[in-house]
Amino acid sequence: MEEAATRSQIVEDYLKAIFSLGERSEPDFEAVTTSAVAERLGLSASSVSGMLRRLATQGLVDHRPYAGVSLTAVGLAAALAVVRRHRLVEMFLVAQLGYSWDEVHEEAELLEHTMTERLVERIDVALGRPRFDPHGDPIPGPDGTLPTVDAHRLSTLESGGGGQLARVDDQDPAVLRHLTDVGISLGQHIEVLDRLPFEGPYVIRTDDGRTHQLGPALASALWIA
């Protein structure tokens with residue numbers, strides 16, 4: 001069976017993409033579509049389908065036409081190792097090197113493929129073994145154990161609902177910069193006041209008493225515990 005050390009960056013990118021999409025599905029870890037994987041990786045659906053067939057022959061994914069793709073136990077273990085490296089790098093860049101949370105994703109995308117397990121472990125220890133990265137994403141432990149995140153997208157909440165902002169999708173740095181600009185950050189209590197008609201923005205109030213209007217895409221990127 002293929003060892004993690006010999007897996008290509010492309011394979012790791014696919015496994016991480018499938019994991020990340022499944023992790024953010026509700027309920028958690030449902031099979032994800034080929035089109036979703038293609039969109040996440042910026043590739044054509046036909047190219048992704050071919051690669052998924054290859055990953056299936058390697059025992060890394062379970063891929064059935066029209067039924068989506070999910071990770072096998074071997075594929076999940078490999079994905080968690082990549083995710084662990086990625087999220088620890090993000091945390092290190094913010095905590096030790098002064099990066100802002102909108103600057104770290106692309107850096108981590110590069111570094112996650114080149115780190116040794118020795119370096120990963122030393123970073124983890126130096127940071128005090130954090131359980132979550134700067135965006136609130138859970139960091140897998142050395143054994144692959146994933147901290148639980150009991151949170152739902154803000155866009156699924158009814159008026160009057162709310163809770164603590166526990167997680168923010170990190171794919172678009174512009175989203176993170178906007179949140180910084182308007183003073184919304186992890187740990188704040190957010191209450192949904194209203195949803196304007198005709199698929200309009202969500203009106204929210206943060207615990208500093210300020211109100212904000214969030215478009216549907218932005219509301220979907222915020223996770224409330």
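Which side chain meets that of Arg85 in a salt bridge? The partner is Glu12, with 3.1 Å from N to O; a salt bridge here is a side-chain nitrogen of Lys or Arg within 4 Å of a carboxyl oxygen of Asp or Glu. This pair links distant parts of the chain, since Arg85 belongs to helix α4 (residues 73-97) and Glu12 to helix α1 (residues 9-23), 73 residues apart. Helices (H or I, at least four residues) and strands (E, at least two) are DSSP runs, numbered from the N terminus.

The model is predicted: local features need pLDDT of at least 70, side-chain atom pairs count only at pLDDT 80 or more, and totals for chains, interfaces and linings use all residues. Residues are numbered from 1 along each chain as its sequence is written, and side-chain values use heavy atoms, with hydrogens and water left out.

Arg85 is buried at 7% relative accessibility, and Glu12 is buried at 9%. Buried means under 20% relative accessible area, exposed over 50%, and partly exposed in between (1.4 Å probe, protein chains only).

A second salt bridge joins Arg24 to Asp169, whose closest N and O atoms are 2.9 Å apart. Because Arg24 lies in the loop between α1 and α2 (34-41) and Asp169 in the loop between β4 (162-168) and α7 (173-182), the pair ties together parts 145 residues apart in sequence. Arg24 is buried at 10%, as is Asp169 at 15%.

Arg167 and Asp137 also meet in a salt bridge, at 2.5 Å from N to O. Both residues are part of a salt-bridge network that also links Glu23, Arg24, Arg87, Arg153 and Asp169. In total, the structure holds 19 salt bridges.
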